[in-house]
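Reader: I'm new to this one. Can you put it up and walk me through a few spots?

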Amino acid sequence: MKKVFSSIPKETLVKNLNRNIFLNFLDEIYTFGNLSYSYSTQIKNTLNNMLNYAVERKYISKNPISIIKIRRKKDEEENYKKKMDSKFLEKDEIIKIINFLNQKQTTQLHARIIEFLWLTGLRYGELQALQWRDFDGVSIDVNGTLGVYDRTTKSIAKTSTKTIASNRVVDLPQRAIDILEETKIYNKMLHGHILPNDYIFLSRRGTPLSISAFNIKLKRVQEECQINKTLSSHIFRHSHVSLLAELNLPLKSIMERVGHSNANTTLKIYNHVTKKTRAEVIDALNNIK
C-alpha cells in the first residue's frame, strides 16, 4: 500500500478511481519502473480484492482494475521461461540419469527411486514412508511421510502427510509395479524377509534412504551427467507434472494424483508445458510439405 500511496494520493475517493489511474500506476511501478512482475502482480491483486469488496458493498458499480492485465517484459519473459524449464527434467534427461546410476550395483536403488518418483509424482518423504501394506498390486496408498532420523532413539517417526489432499491412492503404471517387484527381490536378498510393516525403499542399513544422502548423490550425478539444472528429490515430482501435462491430462486430475490442494506450482508447470506443446503443434503444421 505504501507503493500505491506513493502514486495515488490517500485522499482520493474510491468512486473517483478509474482504469487510467491504475494503468498509469502500473506503468510507473512495472512497465517503466524497477519492480518485478510477481511483486507488481501481487500489488494489483491486492487492489483488485479491495475494489471487489467495494463493488459488493455497492460503494462503486464496477471494479476498474479487474480487466487490466500486466504483460511481462520481453527480457523477463525469457528469464521466466528459462526458470520454468529448469524446474523439471525432460524424458531423455531422466533416462540418462537412470542409465548412469544403473551401471553400478551400489546406486541401483537410487535409479529405482528416481524412476518411481518420476512415474508417480510422490514427494520424497511420502516415498520414504511407503510400506508393503500400502501396495495392493496395482496402486499405492499414500498415507504418511517420514521425519528426520532420530539418533537417540535410532528410529524415524512416520507422520501424517503434508496436507489432507496429500492422503491419496495413486494408481501405478506397469513400470512402477515392476520397480516395486524388483525392490521386493532386492530387499529379501539383503534383509531376508518382506513383512507388511516393512518400508519399501530401504538402504543397505535397513532404513529408508535419507533425503540428504539422496540429494548428495544427485549433486554428483548432476556433474557427471552434465545436467544443466539443479537436481534435487523434488525435481522428479515437477517432472511428473510435466509428463502428465504433455499427455494433455486435465489439470484437476494431475492435482489429485500429486495431492495438491493449492494449484500454484502445478498450474505454472502445466501452463508452461502446454504452451510449449501448442507451439510445437504450430511448428509441425508449418513444416507440412
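Predicted model: local features only at pLDDT ≥ 70, side-chain atom pairs only at ≥ 80, totals over all residues.

Reader: Where is Asn63 found?

Author: In the loop between helix 3 (37-56) and helix 4 (74-85).

Reader: Is Asn63 buried or exposed?

Author: Buried, because its relative accessibility is 10% and the cut-off for buried is under 20%.

Reader: What does its side chain make a polar contact with?

Author: With the side chain of Asn48, at 2.9 Å.

Reader: New topic. How many aromatic pairs are there?

Author: The count is three. One of them is Phe116 with Phe201, a tilted pair with 5.3 Å centre to centre and 55 degrees between the planes.

Reader: Which parts of the chain does that pair link?

Author: Distant ones: Phe116 is in helix 6 (residues 108-120), while Phe201 is in the loop between helix 8 (174-191) and helix 9 (211-224), 85 residues apart. Phe116 is buried at 0% relative accessible area, and Phe201 counts as buried at 2%.

Reader: And why is the pair of Tyr124 and Phe214 stacked?

Author: Because the ring planes are at 20 degrees, with the centres 4.8 Å apart; stacked requires planes under 30 degrees apart. Both Tyr124 and Phe214 are buried.

Reader: Now helix 11. Which residues are buried there?

Author: Ile254, Met255, Arg257 and Val258. Down the axis of helix 11 they fall within an arc of 165 degrees, so they line one face of the helix.

Technical notes:
Residues numbered from 1 in each chain as written. Heavy atoms only, no water. Helix = DSSP H or I, 4+ residues; strand = E, 2+ residues; numbered from the N terminus. Buried < 20%, exposed > 50% of the residue type's maximum accessible area, 1.4 Å probe, protein only. Polar contact = N/O pair within 3.5 Å; in protein donor to acceptor, adjacent residues only side chain to side chain. Arc of directions from axis to C-beta. Phe/Tyr/Trp six-rings, centres within 6.5 Å; stacked < 30°, edge-to-face > 60°.
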